[in-house]
Each structure stands twice: as C-alpha cells, then as structure tokens.
Amino acid sequence: MQTSNSPRDSFSSRFGVIAAAAGSAIGLGNIWRFPYETGVNGGGAFLFVYLICILLIGLPVMISEFLIGRSAQRNPFGAFKKLAPGKPWFLIGLMGVVAAFMILAFYTVVAGWTLEYIYQSFLGTLKDKDPVELKGMFDSFRNESYRPLLWFVIFISLTGWVVIAGIKDGIEKYTKVLMPLLLLMLIGMSVYVLTLPGAFKGIEFLFKPDFSKLSSEVVLKALGQAFFSLSIGMGTLITYGSYIKKKENLGATALSVAGADTFIAVLAGVAIFPAIFALGNVQSLDVSSLADEGLVFITLPSILYSIPGGQILSTMFFILLAVAALTSTISVLEVIVTYFVEELKLTRRKATVSAVLSVSVLGVLSVLLTGVFGFLNFTSANILLPLGGLFIVLFVGWFMSRKVTLEELTNKGEVRARFIPVYLFLVKFVAPIAIAIIFIYGLWSAF
Ligand code: PHE
C-alpha cells in the first residue's frame, strides 16, 4: 500500500502509459457523448471544428499536462504549488479536483446505464424492438430512480476497487488488454453498418460540413467535447504524467493518445450515423429525433440485433463500453485520490473510500434530477475544462521555466523533439487566444 512517504508508483512500460492514458481519453466521451453532440450540433461542421480544436488546442494542452505532472511528480494542486511556490496557480489544480467530482457524478451514471444494457442484452429484452420502442425503453429506465441508482453505486465501487490496487497492478493491468478489444469490435460494427441501405446519407451527415450550422455556441461545444474526450483541462493527465517514467517520450505519447482518441470518436460516428439513416428510411426517424443522451442506447441495439448473433454481440458491446467507461472513471477518481493522499496525507485506501463516498452524494442527485445531470455535463465539459486548459497553456507558455520544459520534452537532450518550436508557439499564442475567444463568445450566446 502506498503511503505519502513510500516511493512513488509508476507505469511500468511505454505501452502501459499509452494504454492507461488512452484508456482515460477513450470512453463514453467518444462513443456516447461525441455522437449525440455531433448529431445535435450540425454533423460535419461540428466534426470539422472539433478536429481543429484537437490539433491546435487539445494536443498542446495534453503535452503541457504531461510535462507539468512529470516534472513536479505531484497531483495537480501540489504540482502547481511546487512549480510556482507562493503564487495562486494552485487554484487551477483545485479547480481540477472540483471538476473531477462533477465529471464522476454524471459520467458514472451513464456508465451505470451500460451495466443495465449488459443485463438487458443478456436477458434478451432488447430483441425485436424497433427504435421507437427502444427509445421508450431507455426513457422509462432513466426515469426510474432505483435501478439507475443501483448501477451507479455498483460502478463507482468498481472504480474504487481498481484504484485502490494502484497504478501498475490496477489501472495498467486491465487497460492493456481491454482497450484493443473495444477497438476491434467498433471496427467490425462500422464495417457492417456501411453495408446497410441508406448508410451513405449518414456518412455524408458526418463528413460533409454545412457551415451554416456553426454558431459560437456550437464552436464552444466542439471545444468542450475536444477537452472532454482527450481528458484534458482538469489535471487527469497531470496526475498520470506524474507516474510516467523519465525515459518516456512525452510528445510521442501525447500524439499516440490524441490520435487513438480521435480515431475512436470518428469510428463511433461511422458506426452510428449511417445506422440512424438506414433505420430512418424504414422508421421515419431522423437524427434530430434521436440525438440526445439516449442515442447510443437506441441505435446500437437496433444495429446489433439486425445481425445474426445479435444478442451476444450486444452483450459484448455493452461490456466493452462499460470497460471503456471504467478506464476513464478510474483516471478521474485517481485525480481526487492522489490529491487526498498527497495533500491530506491519507493512505491510498482511506483516500479512495472517502473519494467514492463523497462522489456518491453528488452522483445520487444527478441520478434523481435530470437538471443536475445536464448541468454537470454541460458545465464540466464546456466551462471548467476549457478554463483549466487555458490556464495550463498560459502557465507553460509564459510562467514555467523554459529550461524545465525543454528538459521534459527532450528527456534532457536524449530525444530530438523537433516539434518544440511549433508547440511553444501554440501554447504561448494560438491556444490561449483561441480558447479565450471561443469561451467568451460561446458563453455569451449560451446564456
Ligand atoms: N475522456 C473521457 C471520455 O472520453 C472522459 C474524461 C474526461 C476522463 C475528463 C477524464 C477527464 O470518456
């Protein structure tokens, strides 16, 4: 058991780091949130802005988080205290811990839904239902309070159980096996969906940008989705960065993680939108009537059950979705736990139990009140994460010692890291200015 005095735990291998960080990034954000945000906010135009946000803002923020974490060897709050003693930068770390509570409180609810769908797939109750019936089923499940609550408690406990085991023997061990499996399954589904009649319309919706759909609020949501999906802006990757060994190449790691995350989000879109349009031809449904939080829970069962062996496929799919969610909830809980261990000097066990219990209080509210759920979902992604990201790039671009930054990115001269000048330009100017503009305009029109 790790206490605050024993040597710091770390990821054991390069693949372990990437699997854990990609495990954090890839989750419900890609497969549940991305499709409905894209569906509601204009399809291709949203995707276009999203991709630009990933490249020009998300990637630099991710590299910055890794290097802050690895150089400080601390939780986000402690990292800023150490790197900027006596300055108020630690408030960003604190905001990250608050964001972690908020995200866990609604995200784990959705993760709980995946458990319900594993159970229903297993029982076979999703079989022979058309999308309208599946939507009815989803809505009535969500309005019940007892079942979603039960699944929430099970899921957050499961998360706590992995986190207690630590980095190498908990997080790393599971993510390494399960993430590749999810990828294979998603590829299989996309390929199948593309053969359905009407699939092309879905692909067109996803990839053909209609810029008249863009508004400042949509751009803010694309930015929020990019942050949410990459797990950046709140210190998850500062925390993970603090467990990365000194010999790993941070730039290359960030590129792999962001690349994998973006690939999976687009793949989820390819599995879902053609299906909606294929079903839409028959059932006269369209994206706007389906695109809410239930989208994935409605379209995916309808696709899977139209294939022979649908029941097994659907059970498997929801198991993998639950796993993807778990590797993300673990990373969010880890932020709170590392903070409790290092700042409140609790043992890992006590820190985990306290974190799970306190998240559960907010979680119960978000199960029972859709308003709270929506508020946590919107505010964490579209406000707290971009704000955190803004300060993180400002910190590295303008305040952190340039020597430390360069040492971290080149491993003290061991790796070439030719991207550094571009990276520095992005963190100093492009990313902060872009976030600030999108943020101000977006909020202006959202309220
Ligand atoms: N990136 C995760 C997902 O896409 C969610 C997440 C957000 C995890 C923020 C950690 C921090 O599902």
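This is a predicted model: local features need pLDDT of at least 70, side-chain atom pairs count only at pLDDT 80 or more; totals for chains, interfaces and linings use all residues.
Reader: What should I know before I start?

Author: Residues are numbered from 1 along each chain as its sequence is written, and side-chain values use heavy atoms, without hydrogens and water. Local features need pLDDT of at least 70 and side-chain atom pairs count only at pLDDT 80 or more, while totals for chains, interfaces and linings use all residues.

Reader: What span should helix α1 have, and how far apart are its end C-alpha atoms?

Author: Helices are DSSP runs (H or I, at least four residues), numbered from the N terminus. The expected span is 1.5 Å times one less than the number of residues. For the 12 residues of α1 (residues 14-25) that gives 16 Å, and the end C-alpha atoms are 16 Å apart, which agrees.

Reader: How many residues of α1 are buried?

Author: Buried means under 20% relative accessible area (1.4 Å probe, protein chains only). In α1, 10 of the 12 residues are buried, including G16, V17 and A25.

Reader: Which residues are closest to the ligand?

Author: Count a residue as near if one of its heavy atoms lies within 4 Å. Here 16 residues surround the ligand, and the closest are A25, G29, Y107, F228 and S231. α1, α2 (28-40), α5 (90-123), α10 (216-230) and α15 (310-343) each supply at least two residues of that shell.

Reader: Which polar backbone atom is 2.8 Å from a ligand oxygen?

Author: A polar contact pairs N or O atoms within 3.5 Å. That backbone atom belongs to G29; another, from L28, is 3.1 Å from a ligand oxygen. A backbone N or O atom of F228 lies 2.7 Å from a ligand nitrogen.

Methods
Buried means under 20% relative accessible area, exposed over 50%, partly exposed in between (1.4 Å probe, protein chains only). A polar contact is a pair of N or O atoms within 3.5 Å; within protein, one must be able to donate a hydrogen and the other to accept it, and residues adjacent in sequence count only if both atoms are side-chain atoms.
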